[in-house]
Amino acid sequence: MAKGTLEVAEYQWAQKFYKHNSWPFDEYDGDPTPASIEAHCKNRSAQYKAELASYKALKHTLESDAQIQTFDSLCDQTQSRMKNADDLLQAGNFLDADSTLDDIAALVDGVGILVGKSRATEQQKNGVDGQQNAGNAAPHVDPLKALQQRATEFSAKLKGYKAERKILVSKDQKTLFDQLFKQAASTMTYVTSLVKNGDAAGADQRLFDAEAQLQGVQQVLEMQKQTVRETENIKTTIKDANTRLSEANGLRKTIKSPQEQKAFADSSKQAKGQVKQVEGLLKRHELEACKDELKILGNLVEKTESYVKFVPVDPSLSRELKTTRIEIQSCYQQVNEVPDKALKRDFEKNYQVAINLLAETEDLIEGHGRSSEEAITANLATLKNLTETLIDCVVNAKEATNQPTERRSQPNTDSKNAAQNALNKALADCMKSLDEAQANLNNVLKAGVEIKDAALASSFAQYSNAAQTYITEGKQYAADRKLQEARGKLATCGDAITSMKFLLESTQAANSGGDQSETSQSEENSQNAQHSTQQSNEQRLAEERQQAGAYRKALNTAQRAAKKLEAQQPQIKDPSKQQRYATLLVQVGELISEVGGILATSHENRLQLAAQLMPRLDGYILQAQDIYDGAMIAQQNEELLQKQANDYRTKTKEVAAKAAVLRKNKAVVTNRQQSDQLAALLQQITEKIREINIKLNSRDPNRVDVAESLLPSLYAVLQQAQSIFEAAKATEQQSKEPKQKEITYKHAKKGIRNNVDSRAKPSGRNPEFYCEEQDGMFCLKHSMNACLGFGAISVEDMEEGLLQANVDGFKEDHQRNEKLFFDELKIIYPNLTLNEMRKQFGKDPDKFYRNAAKAKFQVFMGGTPADAIRAGGSDPRMGIEIMKSKQKELGLPDLKDEWLEPPKSEEDMQKNLKKLKEITDTGADRMVLGAGAHFIALRKNAEGDWFEVDSQEPSAKRIDLEQYIRKQARIHKTETLALLHFGGELDEGNNQKASQPRR
């Protein structure tokens with residue numbers, strides 16, 4: 001292929017400076033670091049962008065249209081590759097980026113050549129190759145040796161590209177690669193012969209042709225590499241989507257609302273269907289369609305995930321866990337009062353289990369939320385049982401402490417009872433003892449009226465008041481199920497009553513006039529009572545200090561919770577919730593100050609006041625946290641709704657833009673009825689868009705779902721409007737274009753009369769069809785390709801169809817008797833030994849069968865199968881067999897045959913026409929007619945007109961199908977006509993496997 005002077009100069013310059021401008025890795029001492037690679041590539045990219053910008057500023061200096069077109073083309077290619085290089089740099093793929101920058105360097109300098117400002121010109125003037133001094137003359141180089149060197153380098157590249165052919169997958173790519181490769185190899189053979197003959201100019205020109213062909217080979221490989229990269233990226237995206245969907249599906253049980261569960265299931269199902277759709281497109285190598293569908297898939301996955309994003313657990317579970325923790329800590333404090341370690345072993349064992357389970361449950365609540373609610377509930381149930389067991393251990397330990405020493409070593413069988421029953425029994429016993437103490441106190445008070453001594457009476461009254469107070473407080477503790485506190489009050493009450501009895505006995509002894517010894521005894525009893533009272537007071541104070549410490553610890557926890565709540569306050573955006581939250585924070589702060597002040601005093605009721613206020617403080621804190629959690633969930637839902645609403649606003653804007661185009665060009669619709677329909681549809685579009693926008697701008701929580709339900713009807717109305725517009729536009733165009741009897745072919749190519757892709761049924765009054773030029777008697781191949789609309793069937797396919805019978809025969813012979821099979825092949829391959837034939841057969845049996853059949857054909861027929869077909873033609877049944885062999889590759893239905901016998905009367909003709917009508921009634925839009933020794937394609941356009949597409953004719957002809965068949969029957973009155981058809985309409989989707997028409 002010849003090149004223009006300008007194109008040759010560009011290509012020479014690009015090839016010469018390609019290596020010079022490549023990144024010089026050898027300049028580095030040792031392996032280059034990633035940082036140096038990145039910096040070098042980014043510097044090169046910036047340099048080339050600056051140079052391209054300076055060259056584009058000189059575009060006005062170009063004179064001819066050809067120069068301007070070449071300049072624009074090179075600029076577009078350069079900018080496209082620069083974008084690719086930037087993407088590679090951003091992804092950290094510096095090796096591919098550097099290779100892309102090499103291509104950019106050549107393209108940038110090619111642009112510079114056109115405007116006369118390329119740095120190549122300066123470097124050539126200064127001597128790039130040798131970097132010689134200006135005063136030294138360049139050495140003479142033999143042109144033939146230089147060409148020979150270039151040819152050697154070219155051959156090495158050719159071998160390298162051939163090794164890379166294995167990465168090609170598509171048959172079309174392989175075919176195109178092989179064609180370009182063969183052309184390049186053939187051109188190189190010619191170059192070698194010109195060099196040997198000393199024709200330097202001719203060799204130089206042909207070498208440039210070969211290099212251009214090689215560049216085409218390289219481009220095919222690069223396209224496949226890019227396809228592989230894109231395919232891997234798509235696979236990765238699909239895998240990521242499946243993983244996210246699987247994770248979301250694992251959390252579906254956390255959705256409580258039936259409506260949300262259904263919405264999640266629908267969204268998940270839709271996303272999975274989208275995954276299958278993308279995978280189907282990927283299998284068909286429709287990468288651009290995959291990219292569009294992946295965007296939709298991403299939105300669907302995000303929508304699915306939105307139903308199961310982190311959701312806090314029910315606040316009641318957090319409160320239950322907190323209560324359980326307090327109960328366990330209370331048990332721990334009480335059991336520490338037992339000095340005997342042996343009695344605490346059961347408690348310590350269960351306490352360790354409870355503490356570990358508390359930590360695990362806390363982690364589930366804070367880290368997993370509602371997705372682990374089942375596990376949290378189960379843990380809380382276990383903790384409840386453990387708490388009851390711990391209470392049982394405490395009760396049993398304290399009861400054992402009050403028993404004689406010799407009985408402590410005996411195992412307490414009651415510890416195996418249910419913990420709750422044990423606590424209830426202990427509380428009942430305590431209450432009974434308090435009632436008995438009350439009765440005892442009443443009896444002692446009745447006897448106390450005998451005390452006449454003022455000092456004794458005063459002491460008696462003090463003990464009486466204290467005992468009554470202890471009994472009242474003890475009963476209150478028992479009612480609140482606070483066993484240890486109730487028992488403490490019972491013991492203190494007993495001490496007070498004992499002191500009252502001592503005083504009463506002292507009075508009775510004095511009244512009886514006892515001797516001095518009796519008086520001394522009374523004094524001793526009084527001292528014992530005072531001592532007992534002192535011990536009781538000390539015990540009471542110790543209990544109060546312990547309780548006050550517990551309240552202070554709880555108060556510190558509340559203060560930390562309050563600080564956390566204050567830090568969370570700015571995140572709440574709802575004004576009403578913000579106000580309620582702020583009020584609760586004030587109340588929490590006031591209560592913390594109040595309780596702290598009470599505990600700091602020595603007021604005798606300080607513990608009772610603290611006990612009354614602490615539950616209220618905990619309640620305020622829990623209320624505030626509940627408000628925050630609810631606000632966060634509401635805000636997350638609102639943000640998601642807002643994002644989805646914006647997506648739907650964008651979709652409605654797109655529809656509005658398309659409707660505006662239709663409204664602007666509605667004058668094209670001249671038909672009054674169609675014009676009215678279009679106007680009505682455009683009005684519906686406006687109303688539906690307004691309805692969707694009003695709904696999206698509302699505060700309705702279901703606004704997105706409503707908009708989603710309205711969108712399909714909006715699209716349907718737009719599609720109707722577009723259909724009316726397109727139909728009117730097509731009608732207008734057709735009315736302006738007169739129908740032609742013959743449609744002259746306009747896109748000729750070597751061996752092809754009209755090189756167009758007409759796989760789909762063409763539309764228009766004068767459609768174009770694919771048609772090959774007649775090659776000998778290959779009219780069956782030409783007509784079938786014209787019928788399919790592209791070069792689906794090759795000469796090799798025709799040869800294989802002719803040889804199929806011989807191939808099947810060889811297979812049967814080999815299966816019957818292997819030795820006899822190879823003996824017969826010696827006639828075909830006299831120079832091959834038996835072992836050599838077996839070795840070739842073992843590598844590829846099918847290939848061996850085909851080659852043997854072809855060789856046998858050549859031996860007995862004196863030529864190749866192609867020569868035989870070219871000279872003698874083909875049988876219609878061969879077409880059916882060929883289509884069967886290529887059916888899977890092309891994705892086509894079965895090719896059927898119908899035979900029209902020679903009519904001897906009009907009745908016979910009507911029978912034939914009835915068969916023809918049965919074929920066309922199926923929707924068939926293409927057929928192959930075998931008439932005599934010639935085959936012709938018959939095609940139909942979208943408007944219902946039939947056309948003859950004959951490889952022997954320079955144009956397609958409009959025909960009346962019935963009259964055409966009558967005419968062919970008259971011409972071939974003694975021959976049967978063959979009709980090959982697909983039994984229905986063959987749409988473009990059935991015929992997508994090959995994208996490059998070929999001969």
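Trainee: Why does Lys322 count as partly exposed?

Mentor: Lys322 has 33% relative accessibility. Buried means under 20% relative accessible area, exposed over 50%, and partly exposed in between (1.4 Å probe, protein chains only). Lys322 at 33% therefore counts as partly exposed.

Trainee: What should I know about the model itself?

Mentor: The model is predicted: local features need pLDDT of at least 70, side-chain atom pairs count only at pLDDT 80 or more, and totals for chains, interfaces and linings use all residues. Residues are numbered from 1 along each chain as its sequence is written, and side-chain values use heavy atoms, with hydrogens and water left out.

Trainee: What makes Lys322 and Asp618 a salt bridge?

Mentor: The closest N and O atoms of Lys322 and Asp618 are 3.7 Å apart. A salt bridge is a side-chain nitrogen of Lys or Arg within 4 Å of a carboxyl oxygen of Asp or Glu, so the pair qualifies. Because Lys322 lies in helix 11 (residues 315-335) and Asp618 in helix 19 (residues 606-664), the pair ties together parts that are 296 residues apart in sequence. Helices here are DSSP runs of H or I, at least four residues, and strands are runs of E, at least two, numbered from the N terminus.

Trainee: Which class does Asp618 fall into, buried, partly exposed or exposed?

Mentor: Asp618 has a relative accessible area of 24%, so Asp618 is partly exposed.

Trainee: How many salt bridges does a search of the whole structure find?

Mentor: The search finds 26. One of them joins Arg870 and Asp775 (3.0 Å, N to O). Arg870 lies in helix 27 (residues 865-872) and Asp775 in the loop between strand 3 (771-772) and helix 22 (779-788), so this pair ties together parts that are 95 residues apart in sequence. At 30% relative accessibility, Arg870 is partly exposed. Elsewhere, salt bridges that share partners join Glu230, Glu288 and Lys291 into one network.

Trainee: How many disulfides are there?

Mentor: A search of the whole structure finds zero disulfides. A disulfide is a pair of cysteine sulfur atoms within 2.5 Å.

Trainee: Why is Cys493 called buried?

Mentor: Cys493 has a relative accessible area of 0%, so Cys493 is buried. Cys787 also counts as buried, at 3% relative accessibility.
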